[in-house]
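Please consult the sequence and the structure shown below while reading.

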Amino acid sequence: FPATQSGSSDVNTLDDYEEVTWTPSVGGSATYTAQGGAYTKIGRMVHISCTLVINVIGTGSTTTISGLPFTAGNRATAAVYYTALSSSVTTMIGFIDSSTTTIALRSSAAAATAVALTAVIDSGTTIYLSATYNV
């Protein structure tokens, strides 16, 4: 590590590292029992994790988590743990599309069906997720 963060032409110098918190959100008038996230950025790679426990969904999104700390440079997927969804789900995955700061939750209601963007977040929903993407 250099003494101060600065761009370096030496490929063996790690000069871009940070560990910080971020605030995930479903937007609108949603309220939360728990809402928080953390990320580690190393160069162009960002690893995020977050917890959302929705108290009241209100006008919040039922499909999307927003507020990623950096705009994605590539498409990535997020591992998701969930409880108390608004519909019966057998599989859920989070998609981060390039040039966005959001995670779209795609799910399927039966093991044999394809995943789709379906309204699943509701009052009482708990979501824990983690992902790694490039900026």
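Which residues have the most contacts inside the largest nonpolar core?

## Nonpolar core

Ile48, Ile103 and Leu129 have the most contacts inside the largest nonpolar core, which has 28 residues. Such a core is a set of buried Ala, Val, Leu, Ile, Met, Phe, Trp, Tyr and Cys residues joined through side-chain atoms within 4.5 Å. Two or more residues of this core are given by each of strand E3 (45–56), E5, E6, E7 and strand E9 (126–134). E3 supplies the largest share, 5 residues.

The surroundings of Ile103 may be listed in detail. Apart from neighbours within four places in sequence, Ile103 is in contact with Ile48, Thr63, Thr64, Ile65, Leu68, Ala78, Gly94, Phe95, Ile96 and Leu129. Contact here means heavy atoms within 4.5 Å.

## Basis of the model

The model is predicted: local features need pLDDT of at least 70 and side-chain atom pairs count only at pLDDT 80 or more, whereas totals for chains, interfaces and linings use all residues. Residues are numbered from 1 along each chain as its sequence is written, and side-chain values use heavy atoms, with hydrogens and water left out.

## Overall architecture

The chain contains 9 strands and 0 helices, and its elements run β-β-β-β-β-β-β-β-β from the N terminus on. Helices (H or I, at least four residues) and strands (E, at least two) are DSSP runs, numbered from the N terminus. Of the contacts in the chain with a separation of 6 or more, 59% are between residues 24 or more positions apart.

Of the 135 residues in the chain, 33% are buried. The term buried means under 20% relative accessible area, exposed means over 50%, and partly exposed lies in between (1.4 Å probe, protein chains only). The chain exposes about 6900 Å², of which carbon and sulfur atoms supply 53%; accessible areas come from the Shrake-Rupley method with a 1.4 Å probe, and for residues only the protein chains shown count as cover.

## Salt bridges

Side chains of opposite charge can pair when their charged atoms come close. A search of the whole structure finds 2 salt bridges, each defined as a side-chain nitrogen of Lys or Arg within 4 Å of a carboxyl oxygen of Asp or Glu. In one of them, Lys41 pairs with Asp16, with the closest N and O atoms 2.5 Å apart. Lys41 belongs to strand E2 (residues 31–42) and Asp16 to the segment before E1, so this pair ties together parts 25 residues apart in sequence. Lys41 counts as buried because its relative accessibility is 8%, and Asp16, at 18%, also counts as buried.

Asp97 forms a salt bridge with Arg75, where the closest N and O atoms are 2.6 Å apart. Asp97 is located in the loop between strand E6 (91–96) and strand E7 (102–108), and Arg75 in the loop between strand E4 (64–66) and strand E5 (76–83), so the bridge ties together parts 22 residues apart in sequence. Asp97 is partly exposed at 27% relative accessibility, while Arg75 is exposed with a relative accessible area of 56%.

## Aromatic pairs

The structure holds 2 aromatic pairs. Rings of Phe, Tyr and Trp (its six-membered ring) pair if their centres lie within 6.5 Å; planes under 30 degrees apart count as stacked, over 60 as edge-to-face and the rest as tilted. One of the pairs, Tyr39 with Phe70, is edge-to-face, at 5.3 Å centre to centre and 85° between the planes. Tyr39 lies in strand E2 and Phe70 in the loop between E4 and E5, so the pair ties together parts 31 residues apart in sequence. Tyr39 is buried, with a relative accessible area of 8%, whereas Phe70 is partly exposed at 21%.

## Surface patch and backbone

Leu14, Tyr17, Ile42 and Met45 make a nonpolar surface patch of about 300 Å². Patches are made of residues with over 30% relative accessible area and no salt bridge: like charges are joined within 9 Å, and nonpolar side chains (Val, Leu, Ile, Met, Phe, Trp, Tyr) within 5 Å. Leu14 is found in the segment before strand E1 (17–22) and is partly exposed at 33% relative accessibility.

Most residues other than glycine have a negative phi. Ala84, in the loop between E5 and E6, has a positive phi near 55° and is partly exposed at 46% relative accessibility. Ser99, in the loop between E6 and E7, has a positive phi near 65° and counts as exposed at 62%.
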